[in-house]
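Dear colleague,

I am passing on to you the structure shown below.

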Amino acid sequence: AGGASDLSITHRGTGNSISVSYAASSARDTFLMLLTDSNQGSDSAISSPVIKVHRTSGSTSIDNLMQVFQEGGTEAVVDIRQHSTAGAAVLRLYQQDLSETALFIGTNTAVTEADVGLLEVLPATAGTVGIRISPSANVAHMRWLDGSDPASPVNGDFWYDGSVLKFRQGTTTKTLSWT
């Protein structure tokens, strides 16, 4: 379409702009929506997302910008995969309002940032913690699986070798011990 949209929908009503229902109960390897980016351009400076969800700053909506909800099923709600040679993060989260939580993973009863989530990434402002982890009943806050030491540990690495916890401070590996 020469740079213009092939499909443009302007909706000023109160219902859904687009509603798609998929009722094939035995279909396999088919999708409700399939978006394919076949742009084979050689200009690596061009950045164009396959999906962009945008709400203008003048919006008065207090609802989520995007919500994915699965009722039943046995697969992951969201599955993100990236080719090993992509050279970029598989997922990026940017939070410009440093007074708000950047990432909140809750439970069926902890559903907003006002609740205590299972995992929260918070702004590192004075008096706050950058990452907060809250366990469910009878579950550890964190667990490091045992394994071999990193081949080239760097300052700040923390690992469990199967018998002791280790921390890399500068150029020295320290063993954390207690009695």
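Predicted model: local features only at pLDDT ≥ 70, side-chain atom pairs only at ≥ 80, totals over all residues.

Lys166 itself belongs to strand S5, which covers residues 165-169. Strand S5 runs antiparallel to strand S6 (residues 172-176), and 5 bridges join the two. The hairpin they form has 2 residues between the strands, and Gly170 adopts a positive phi there, near 65°.

The surroundings of Lys166 may also interest you. Its relative accessibility is 12%, so Lys166 counts as buried, the cut-off for that term being under 20%. Its side chain makes a polar contact with the side chain of Asp161, at 3.3 Å. Leaving aside residues up to four places away in sequence, Lys166 touches Asp149, Asp157, Phe158, Trp159, Asp161, Thr173, Lys174 and Thr175. Asp161 is therefore both a polar partner of the Lys166 side chain and one of the residues touched by Lys166, given that Lys166 counts as buried at 12%.

I turn now to a sheet elsewhere in the chain. An open sheet is formed by 3 strands in the order S1-S2-S3, with antiparallel pairing. Strand S1 (103-105) and strand S3 (131-133) are its edge strands, each pairing on one side only. On average, neighbouring strands of this sheet are turned by 5° against each other, direction ignored. Between S1 and strand S2 (residues 119-121) there are 3 bridges in the antiparallel sense, and Leu103 stands opposite Val121 in S2.

With kind regards

Key. Residues numbered from 1 in each chain as written. Heavy atoms only, no water. Helix = DSSP H or I, 4+ residues; strand = E, 2+ residues; numbered from the N terminus. Buried < 20%, exposed > 50% of the residue type's maximum accessible area, 1.4 Å probe, protein only. Polar contact = N/O pair within 3.5 Å; in protein donor to acceptor, adjacent residues only side chain to side chain. Contact = heavy atoms within 4.5 Å. Pairing = 2+ DSSP bridges. Axes fitted to C-alpha atoms, helices over the stretch in contact; angles between N-to-C directions.
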